[in-house]
Amino acid sequence: MEKSKHPTIAVLALQGAFVEHEKMLRSIGIDSFEVRQLADWQRPKDGLIIPGGESTVQLKLLRDLRLLEPIREAIESGLPVFGTCAGLILLAKSVEGEDFDRLSTMDIDVRRNAYGRQLGSFSTEADFRGIGRVPMTFIRAPYINKVYGRAESLATVDGHIVAARQHNQLVTAFHPELNGDTRIHEFFAGIATNWANGHR
Amino acid sequence: MENRQELNRNLAQMLKGGVIMDVTTPEQAKVAEEAGACAVMALERIPADIRAAGGVARMSDPKMIKGIQQAVSIPVMAKCRIGHIAEAQILEAIEIDYIDESEVLSPADNVYHIDKTKFKVPFVCGAKNLSEALRRIAEGASMIRTKGEPGTGDVVQAVQHMRIMQSEIRRLANLAEDELYEAAKQLQAPYNLVKYVHDNGKLPVVNFAAGGVATPADAALMMQLGAEGVFVGSGIFKSGNPAKRAAAIVQAVTNYNDPKKLAELSEDLGPAMVGINEEEIKVLMAERGK
């Protein structure tokens with residue numbers, strides 16, 4: 001049997017906590033590289049991570065650096081993507097109270113700053129479908145008002161959806177890159193490995 | 001599981017690779033947000049004007065800060081005076097996202113900084129060397145910035161502070177373990193923090209550049225020297241074209257290692273803030289709070 005190919009993950013490094021994702025990937029033996037402009041994006045890759053940070057800043061830079069359209073097209077053609085916090089907001093088709101396009105590839109409706117200001121930030125543990133109980137850190141986090149279409153919920157906290165998947169798109173409102181627990185990154189690496197080996 | 005200090009350090013991690021801009025009105029806050037600021041610092045007067053006006057500089061009017069909180073969706077920071085516990089409590093009461101215990105305002109206490117571990121909201125503090133940085137972290141600061149020399153448009157002090165800090169971190173990282181006790185004594189900082197820096201080759205919190213950054217090139221310089229993000233105070237709204245300059249600085253922080261890109265970004269920005277040289281100023285703010 002042919003040896004399965006290891007995926008290479010692009011990490012969007014425009015602003016935010018991208019280094020933390022790179023460290024997580026390194027710790028599970030996955031290669032990654034940073035995307036700061038179009039030339040970086042054109043490198044071969046089997047998945048993309050959109051990190052936490054400020055979604056307004058990342059969106060502005062995606063536009064200014066002409067990355068928005070190429071990244072959206074890649075996701076629409078099936079490239080695995082994992083968005084945390086700001087990344088979740090960028091992938092949502094709709095954001096409460098705002099009517100402009102982001103990457104907007106996922107059938108979820110999102111509330112930004114859903115837990116209020118920094119005083120509302122918190123950490124907890126909850127079940128993540130297929131993985132079990134995982135630590136979850138929420139920093140000025142959004143949550144998902146509803147999933148529809150082809151998106152499905154993977155985790156809830158206090159009745160609100162905080163993780164979802166739609167085929168090769170994975171999002172969490174919390175920050176798995178801030179804890180030592182690598183299981184969610186391994187889960188995404190699994191999706192990317194399938195893609196890298198031609199299972200589309 | 002609740003660990004406020006960890007959550008507060010985490011928020012600073014989310015600001016990395018970003019630009020935090022001083023704003024004095026909701027309109028300026030919107031300009032900053034649209035230009036790509038990752039947070040804004042709400043204050044009545046920017047440092048250059050504080051310098052020009054002289055007199056005692058205090059915390060801003062909470063009403064003015066609230067107006068800015070309502071205008072933008074990004075985190076809002078505000079400054080209190082060094083050692084002014086009550087100003088910090090007031091800022092916490094209006095749910096500010098980050099308090100800057102800042103040498104830009106007139107110090108309220110010549111000896112003690114605020115015990116920041118007593119607060120739920122996070123604090124950022126200025127430091128001009130590793131010794132100051134570790135003392136502020138011991139007091140509970142969850143983010144550090146260089147002091148620079150605020151309100152001057154002169155980057156020389158920020159560069160010096162970042163250089164000193166990075167060089168001291170490298171020195172600590174290379175010490176033998178049994179030399180760390182003496183290093184802690186010399187640094188006048190707690191042993192556990194000295195040990196952390198030795199083991200990890202970095203501060204336990206995020207470290208930004210601040211004080212005198214006025215151009216995209218200044219911002220890129222600070223990033224190349226090891227800053228994890230940049231505060232821009234007077235540099236934006238004291239310049240000819242704030243929106244354009246702000247957006248250019250945001251891009252310069254992301255692509256700080258690409259001179260071609262920096263050249264494009266530096267074109268046609270209109271006049272930078274006039275600025276004053278370090279030796280022309282009377283008050284050295286960086287000497288406040290050690």
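Modeller: Let's start with the area: chain B and chain A bury about 2,900 Å² between them, with 54% of it on carbon and sulfur atoms. Buried area here is the accessible area (1.4 Å probe) that two parts lose on being put together, summed over both. The size of an interface is often given this way, as the accessible area lost when the parts come together. Before going on, keep in mind that this is a predicted model, where local features need pLDDT of at least 70 and side-chain atom pairs count only at pLDDT 80 or more, while totals for chains, interfaces and linings use all residues. As for bookkeeping, residues are numbered from 1 along each chain as its sequence is written, chains are lettered from A and ligands numbered from 1 in the order in which they are written, and side-chain values use heavy atoms, with hydrogens and water left out.

Now the contacts (heavy atoms within 4.5 Å): 39 residues of chain B touch 35 residues of chain A. Across this interface there are 23 residue pairs in polar contact, both at pLDDT 80 or more. A polar contact is a pair of N or O atoms within 3.5 Å; within protein, one must be able to donate a hydrogen and the other to accept it, and residues adjacent in sequence count only if both atoms are side-chain atoms. On the chain B side, the elements giving two or more residues are helix 1 (4-15), helix 2 (26-35) and helix 12 (242-254) of chain B. Helix 1 of chain B gives the most, with eight residues. Helices (H or I, at least four residues) and strands (E, at least two) are DSSP runs, numbered from the N terminus.

Next come the charges. Side chains of opposite charge can pair when their charged atoms come close. A salt bridge means a side-chain nitrogen of Lys or Arg within 4 Å of a carboxyl oxygen of Asp or Glu. Chain B and chain A have three salt bridges between them, and over all chains the count is 33. A:Arg140 forms a salt bridge with B:Asp97, their closest N and O atoms being 3.0 Å apart.

Within chain B, B:Asp49 and B:Lys238 form a salt bridge too, with 2.9 Å between the closest N and O atoms. B:Asp49 lies in helix 3 (residues 47-53) of chain B and B:Lys238 in the loop between helix 11 (234-237) and helix 12, so the pair ties together parts that are 189 residues apart in sequence. B:Asp49 is partly exposed at 28% relative accessibility, and B:Lys238 is partly exposed at 38%. The scale is this: buried means under 20% relative accessible area, exposed over 50%, and partly exposed in between (1.4 Å probe, protein chains only).

Last, the rings. Over all chains there are 11 aromatic pairs. Rings of Phe, Tyr and Trp (its six-membered ring) pair if their centres lie within 6.5 Å; planes under 30 degrees apart count as stacked, over 60 as edge-to-face and the rest as tilted. B:Tyr181 and B:Tyr191 are a stacked pair, 4.5 Å centre to centre with 5° between the planes. B:Tyr181 is exposed, at 54% relative accessible area, whereas B:Tyr191 is partly exposed at 29%. Over in chain A, ring pairs link A:Tyr115, A:Phe122, A:Phe128, A:Phe138, A:Tyr143, A:Phe174 and A:Phe187 into a cluster.
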